[in-house]
Amino acid sequence: MKILIVGNGARESAIAMKLKSDRRISKMYFARGNATTDLLGQNVYEDSIEGLRDFAIKERIDLTIVGPEAPLVAGIVDEFKKHNLKIFGPRKRTAELEGSKAFSKKFMQTHNIKTASAVVFEAYQDAIDYVRTKDFPLVIKASGLAGGKGVVIADDLAEAESTIHKFMIERIYGDAGIQLVIEEYLRGFEASIIAFSNGSKLFPCIPVKDYKKAGAGDVGPNTGGMGSVAPSPEFTEEHQRDFEENILKPTLEGLHSYKINFKGFIFFGLMVTDNGTYLLEYNMRLGDPETQVIMALMENNLYDVIMDCLDGNDINLKFSDEKAVCLVMCSGGYPRKIETGFEIRNTEKVTNSQVLFAGAKMRGNKMVTSGGRVLSLVATGATFDEARKKVYDDASIIHYDYEYYREDIGKF
């Protein structure tokens, strides 16, 4: 069988590493891929949905797995299904649960899903007038896709007004900020739960803790993720029951009421407070860096799980009792201004962790940095401390100019 994986991050590297030992898979293709996928299969330098469709037809691809959100929101699944190409992911309409925070918030409110109170704004002055009447902090979100960076916790009126201006007038995230969601600030800890959908049921994976802020101690700007651990050490059985009853169940009922029966992934971004578990956001794909630790602990054959979902079968997900830690090594300055093109040295000397490249590519016979999040180091152990020691020991071996990573991943 031939597999096409769309995406070029460490998430796609983790998927590929999970699939590589399956003898039924004769070849894997990656669009656009990275330095890891270049070693596991063939990178395809095609971005357009039509180009990927034509490639899948020409190469007789048996299954396509979509990693990032942009092609899902753009309708890659709809286009592939028009041509009877097997693909795992939601159609464009369903992907709007991630592509539009305004739409997803309305969905949550309509179906009594436990979430923060919020108001949607399409006019700049209306948003400004609103924040001038509210207490702080407030959460201000660009409604559209902003690469995981379009969320600001405004601590005072000046920051709120500045953020609204940047999003709606300066359009620092393009059209993503034309519409805003302004919601109450919830105090607690975050957790991520990713579920597989077989078209009628949702099957959740273990909860994950993700580290979003750029700096140790959770300071600095939001990023796409600086590391993760699984299972989340703070997420209790009581939190799980609250999630299942007040978020998972009504989400499924809402999907059915909208006649949305997708086969793919759904990501629940959660905030756990003293008053229980709340839903912050949906993503309609695997998370990054959550995928890295989930794949490290999943005992199921990933291809079989996906095919069972596509066939509408129930699945029984199984995970190791070990702990997993993922450390993301970045380019200095990420998520803001970065420089790339620097040689990455000594990855071949890493012995205790799995190296999953993201913003890295081959230039001749050298591997060089090509993005903000350069690579992930993933390790498992009987304890978080054991897994944590492995990734940090290995991080000290790898070198490239302006390398940067948080020192506190796994310290909770």
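Q: Is the crossing of α1 and α11 left-handed or right-handed?
A: The crossing is left-handed (the near helix is turned anticlockwise from the far one by less than a right angle; clockwise gives right-handed). On the α1 side, A10, R11, A14, I15 and K18 make the contact (heavy atoms within 4.5 Å) with T291, Q292 and M295 of α11. By class, this contact of α1 with α11 has 4 nonpolar, 2 polar and 2 charged residues (Ala, Val, Leu, Ile, Met, Phe, Trp, Tyr, Cys and Pro are nonpolar; Asp, Glu, Lys and Arg charged; the others, Gly among them, polar).

Q: At what angle do α8 and α9 pack?
A: Helix α8 (residues 124–131) packs on helix α9 (residues 157–170) at about 165°, with the axes 10 Å apart. That angle makes α8 roughly antiparallel to α9. The two cross in a right-handed sense. Y124, A127, I128 and V131 of α8 meet L157, A160, E161, I164, H165, M168 and I169 of α9. The classes in this contact are 9 nonpolar, 1 polar and 1 charged residues.

Q: Which residues of α8 are buried?
A: A127, I128 and V131 are buried in α8 (under 20% relative accessible area; exposed is over 50%, partly exposed in between, with a 1.4 Å probe and protein chains only). They cover an arc of only 100° around the axis, which puts them on the same side of α8. In general, an α-helix has 3.6 residues a turn, so residues three or four places apart point the same way. The cover over the buried residues of α8 includes β6 (118–121), β7 (138–142), α9 and β9 (180–184).

Q: What is the angle between α6 and α7?
A: The axes of α6 (residues 92–99) and α7 (residues 101–110) cross at roughly 95° and come within 6 Å. That makes α6 roughly perpendicular to α7. E96, L97, E98 and G99 of α6 meet K101, F103, S104 and F107 of α7.

Q: What should be kept in mind about numbering and the predicted model?
A: Residues are numbered from 1 along each chain as its sequence is written, and side-chain values use heavy atoms, leaving out hydrogens and water. Local features need pLDDT of at least 70, side-chain atom pairs count only at pLDDT 80 or more, and totals for chains, interfaces and linings use all residues.

Terms used: Axes fitted to C-alpha atoms, helices over the stretch in contact; angles between N-to-C directions. Helix = DSSP H or I, 4+ residues; strand = E, 2+ residues; numbered from the N terminus. Parallel < 35°, antiparallel > 145°, perpendicular 65-115°, else oblique. Arc of directions from axis to C-beta.
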